[in-house]
Amino acid sequence: MHPVLARFEVLGWEVVLPAYGTFLVLAALVAGTLAVRAATGPGVGLSRARATVLVASAIAAGLVGARLLDVALDLGVYARE
């Protein structure tokens, strides 16, 4: 696997797209879009604004929680550095 997905220049600045981060954001956007569509559909009936806030909050909480779990499981490594 290549760690860099793409490298290009914009207005004299070099832009590097890391593969992991790019696909993480892409996955969050796709999952968020599908979740908002499901939440605003029949059966649930949330407003689009409320569903968007809930989904964005869930994605943010998931990312923060994953990072906290990583730190908790590898506390020795983080304490040394």
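Start by selecting L5, F8, V10, L11, W13, L17, F23, L26, V30 and L34: together they form a nonpolar surface patch with about 1,100 Å² of accessible area. Patch members have over 30% relative accessible area and no salt bridge, and nonpolar side chains (Val, Leu, Ile, Met, Phe, Trp, Tyr) are joined within 5 Å. A salt bridge is a side-chain nitrogen of Lys or Arg within 4 Å of a carboxyl oxygen of Asp or Glu. Areas come from the Shrake-Rupley method with a 1.4 Å probe, and for residues only the protein chains shown count as cover.

Next, color by element. β1 (4-10), β2 (13-18) and α1 (19-39) each give two or more residues to the patch. α1 gives the most, with four residues. Helices (H or I, at least four residues) and strands (E, at least two) are DSSP runs, numbered from the N terminus.

The model is predicted: local features need pLDDT of at least 70, side-chain atom pairs count only at pLDDT 80 or more, and totals for chains, interfaces and linings use all residues. Residues are numbered from 1 along each chain as its sequence is written, and side-chain values use heavy atoms, without hydrogens and water.

Now click W13. It sits in strand β2. Is W13 buried or exposed? W13 is exposed, at 66% relative accessible area; the cut-offs are under 20% for buried, over 50% for exposed, and partly exposed in between.

Zoom out to the whole chain. There are three helices and two strands, in the order β-β-α-α-α. The C-alpha trace spans about 50 × 40 × 25 Å along its principal axes. Buried residues make up 9% of the 81 residues.

How values were computed
Patches are made of residues with over 30% relative accessible area and no salt bridge: like charges are joined within 9 Å, nonpolar side chains (Val, Leu, Ile, Met, Phe, Trp, Tyr) within 5 Å. Buried means under 20% relative accessible area, exposed over 50%, partly exposed in between (1.4 Å probe, protein chains only).
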